[in-house]
Amino acid sequence: MIGILLLTHEDFGKAMLKSAELIVGDLEGAVSVGLHRGDDIMAFSDRVAQAIDTLGREKDGVLVFVDLFGASPYNAAAMASQNTKAKFRCITGLSFPMLLEALTMRDGFSLDELALDCMKIGRESVKELFQELEKV
Amino acid sequence: MLNIVLTRIDDRLIHGQVVTAWAKITKATRIIVVDDEVAVDDFMVKILTMAAPNTIKIGIHTAADASDILKNEESDERVIVLVKTPVTVEKLVANGVQIKELNLGGMGAIQGRKQLYRNISISPEEKDCFKRLIDQGVHVFVQIVPDASATDIEKLF
């Protein structure tokens with residue numbers, strides 16, 4: 001099973017997993033690691049590498065989501081890529097629709113396919129209420 | 001010599017909105033990251049370049065090379081000097097780079113360091129380094145983000 005790892009500032013990812021549990025139920029193989037104020041970035045990057053290798057031990061790979069492109073969780077994932085054995089992809093701009101897609105579709109796709117699918121869903125899930133009403 | 005608009009210690013170096021915010025408020029056009037270890041690590045250089053705002057010129061150099069650049073290049077650029085530790089600032093100052101103001105933005109909690117304030121932890125050696133810089137006339141202040149008020153580091157010792 002493709003592992004899912006959220007890397008975020010503070011507990012954004014942890015809270016999102018809790019919310020996802022309400023809708024999807026099974027959170028097996030889905031983990032969040034938060035970067036907290038005062039944490040050392042290299043230590044965080046080590047924890048990220050460990051999490052990736054643990055989640056990816058079944059050889060299906062890991063889909064990593066980070067909250068923000070170019071911020072510390074993202075940089076840590078990039079640094080971790082030098083120290084991991086498991087394969088992973090990393091998508092930025094973590095959103096709830098993206099996460100739900102990953103959790104519900106991971107059995108049917110390969111890692112690369114799942115990554116592309118989640119990015120597509122992430123982009124397409126941004127709509128506006130009154131615009132949608134006009135379309136009806 | 002180049003116009004340094006901000007010298008900042010932040011051991012996360014370039015990360016997203018934080019650097020963008022400081023660059024905006026100082027109207028910086030160039031970032032020079034100074035670190036002897038990072039400058040020779042091609043992969044780290046790649047990561048930092050990737051994370052930097054693409055409207056700003058970015059360079060990552062050893063203390064020796066950065067000293068040369070800061071002292072000898074001439075241009076209209078407004079430069080942010082970004083380092084991980086006060087030790088690097090001491091090297092720059094020893095090489096003749098003019099640094100009068102030093103912003104302390106973040107130093108992570110690792111072995112040997114004790115928390116000084118919020119996201120800033122320092123070791124006894126680093127504390128001594130700060131004191132030596134202060135003795136040389138450098139004003140060292142803590143200001144994590146531009147919206148926060150600046151606090152003299154001596155008040156936190």
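Which pattern does chain A follow, read along the sequence? Chain A follows β-α-β-α-β-α-β-α-α-α, with six helices and four strands. Helices (H or I, at least four residues) and strands (E, at least two) are DSSP runs, numbered from the N terminus. The radius of gyration of chain A is 15 Å, close to the 14 Å that the globule rule gives for 136 residues, so the chain is as compact as a globular protein of that length. That radius is taken over C-alpha atoms, and the globule rule is 2.2 Å times the number of residues to the power 0.38.

Residues are numbered from 1 along each chain as its sequence is written, and chains are lettered from A and ligands numbered from 1 in the order in which they are written. Because the model is predicted, local features need pLDDT of at least 70 and side-chain atom pairs count only at pLDDT 80 or more, whereas totals for chains, interfaces and linings use all residues.

Of the 136 residues of chain A, 39% count as buried, that is, 20 or more other C-beta atoms lie within 10 Å of the residue's own, with C-beta atoms placed from the backbone. In helix α4 (residues 96-105) of chain A, the buried residues are Met98(A), Leu99(A), Ala102(A) and Leu103(A). Seen down the axis of α4(A), these residues fall within an arc of 130°, so they line one face of the helix; the arc is that of the directions from the helix axis to the C-beta atoms. Their cover includes β1 (3-9), α1 (12-24) and α5 (111-124) of chain A.

Ile52(A) touches, among others, Leu5(A), Val64(A) and Phe88(A), not counting residues up to four places away in sequence. Contact here means C-beta atoms, placed from the backbone, within 7 Å.

**Contact between the chains**

The contact takes 15 residues from chain B and 15 residues from chain A. On the side of chain B that touches chain A, the largest share, three residues, comes from α3(B).

**Confidence**

The model scores ipTM 0.71 and pTM 0.83. The lowest and highest helices of chain B are tabulated below.

| Element of chain B | Mean pLDDT |
|---|---|
| α1 (residues 16-26), lowest | 85 |
| α4 (residues 63-72), highest | 98 |

Definitions and conventions. A residue is buried if 20 or more other C-beta atoms lie within 10 Å of its own, exposed if 12 or fewer, and partly exposed in between; C-beta atoms are placed from the backbone. Two residues are in contact if their C-beta atoms, placed from the backbone, lie within 7 Å. pLDDT is the predictor's confidence in each residue, from 0 to 100.
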